[in-house]
Amino acid sequence: MQAVGYHQPLPIDHPEALLDLRLPAPQAADLDPHDLLVAVSAVSVNPVDTKVRRSRAPSAGQAEVLGWDAVGTVQAVGSAVSLFQPGDRVWYAGSIVRPGSNAQLQRVDERITAHAPRTLSDAQAAALPLTAITAWELLFDRLGVPLQADARGGEGQTLLIVGAAGGVGSILIQLARQLTGLTVVATASRPDTQSWCLALGAHHVIDHHQPWGPQLQAAGIGPVQRVASLTHTGQHVADIIEALAPQGQLALIDDFEPGAVDLMAFKAKCLSLHWELMFTRSRFGTPDMVEQHRLLQRVSDLVDAGRLRSTEGEHMGPINASNLRRAHAWIESGQARGKVVLQGWS
């Protein structure tokens with residue numbers, strides 16, 4: 001089968017950072033009981049792809065295949081599969097400890113897979129799974145915002161999203177507006193990303209490169225009950241602590257250097273810190289792993305109901321090494337708005 005991978009970690013401007021490969025195709029006979037064998041038709045690229053490419057060395061003589069977003073068609077199912085059948089069109093983000101979606105065929109557990117939205121193209125749909133899972137878990141599992149039938153959970157409170165124009169922020173804004181009563185404040189620093197956040201539903205946008213306090217005050221925003229920090233947390237932590245109300249909550253997804261964040265600074269306000277990593281359930285096979293199937297199916301239904309939109313930002317053509325190198329470079333530039341997607345094989 002066709003695939004894109006690498007043999008050694010390299011900077012993205014190196015011609016062998018990502019290579020077109022021919023690899024043995026996974027076989028239906030090798031499926032684990034809960035596995036699906038999926039023919040991949042579209043993928044997207046996330047920051048995790050670039051981080052793994054720069055740091056994870058494959059086993060000797062092997063190739064590493066990245067990719068943690070996909071849309072495709074089920075070709076075969078494992079002996080215990082109950083949620084899908086061959087021919088189903090599915091979407092998923094996969095597992096960090098299994099071969100990725102930058103391959104024509106991929107094995108994925110049914111418990112982290114859902115039926116893809118009928119109203120989106122494969123490329124449009126591929127933009128959403130990883131970021132939708134991350135945003136949903138961050139909002140409802142980590143920050144504990146009530147998920148109520150009348151969409152008024154958190155009413156009277158504020159959610160501040162730091163770095164809101166990227167993939168996770170782009171769907172988090174929508175989920176918060178559609179499924180909660182929170183006031184949503186986004187941070188973005190460029191006119192185009194600020195406009196993007198407002199178009200997705202943010203009530204207010206502030207520039208994270210300028211002092212936060214005066215901007216929040218000008219928007220009529222008092223102390224913030226919840227912050228979702230999606231990038232450069234170490235750089236913004238002083239502003240975050242200042243913005244948070246006593247007993248407020250901070251959830252984050254990014255990495256920071258040891259010592260970059262003084263955790264004792266959270267004590268005076270009795271602030272709580274929550275990590276979100278959407279790979280945890282699949283990596284450890286947690287008893288509630290099927291919750292990712294359920295939430296992805298809920299997101300798919302919301303898309304088809306017209307309540308959520310794709311966060312596709314850049315379409316870079318078919319899935320091949322050249323286009324994926326361009327996609328990785330765009331992600332690493334820090335200029336990406338929404339998600340980078342690729343569709344088809346060449």
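This is a predicted model: local features need pLDDT of at least 70, side-chain atom pairs count only at pLDDT 80 or more; totals for chains, interfaces and linings use all residues.
Biologist: Which residues lie closest to the centre of the second largest pocket?
Modeller: Let's start with the space itself: the second largest pocket has a volume of about 450 Å³. Its lining is made of 20 residues, and the closest to the centre are M1, L23, V65, P99 and G100.

Biologist: Which strand gives the largest share of that lining?
Modeller: Two strands each supply at least two residues to the second largest pocket: strand 4 (64–65) and strand 7 (105–109). The largest share is 3 residues, and the strand that supplies them is strand 7.

Biologist: Now for the largest pocket: which residues lie nearest its centre?
Modeller: The largest pocket has a volume of about 1,500 Å³. Nearest the centre you will find P47, K51, L230, T231 and D254.

Biologist: Which helix gives the most to the lining of the largest pocket?
Modeller: Five elements each bring at least two residues to this lining: helix 1 (47–55), helix 3 (129–142), helix 4 (167–179), helix 7 (233–243) and helix 10 (321–332). With 7 residues, the one that gives the most is helix 1.

Biologist: Which are the edge strands of the open sheet of 6 strands?
Modeller: Follow the order of this sheet, 11-10-9-12-13-14, where the pairing is parallel. The strands that pair on one side only are strand 11 (204–206) and strand 14 (272–275).

Biologist: What is the bridge partner of L250 in strand 14?
Modeller: Strand 13 (residues 244–252) pairs with strand 14 in the parallel sense over 4 bridges. Looking across from L250 into strand 14, the partner is L273.

Biologist: Why is one side of strand 2 and of strand 4 left without a neighbour in the sheet?
Modeller: The 3 strands of this open sheet come in the order 2-1-4, with antiparallel pairing. Strand 2 (19–22) and strand 4 stand at the edges, so one side of each has no neighbour in the sheet, because each has a single partner strand.

Note on methods:
Residues are numbered from 1 along each chain as its sequence is written. Side-chain values use heavy atoms; hydrogens and water are left out. On a 1 Å grid over the protein atoms alone, a cavity is a set of points where a 1.4 Å probe fits but cannot get out, and a pocket is an open set with protein on both sides within 12 Å along at least five of seven lines; lining residues have an atom within 4 Å of a point. Grid points are joined across faces, edges and corners, and a volume is the space filled by probe spheres set on the points. Two strands pair if DSSP finds at least two bridges between them.
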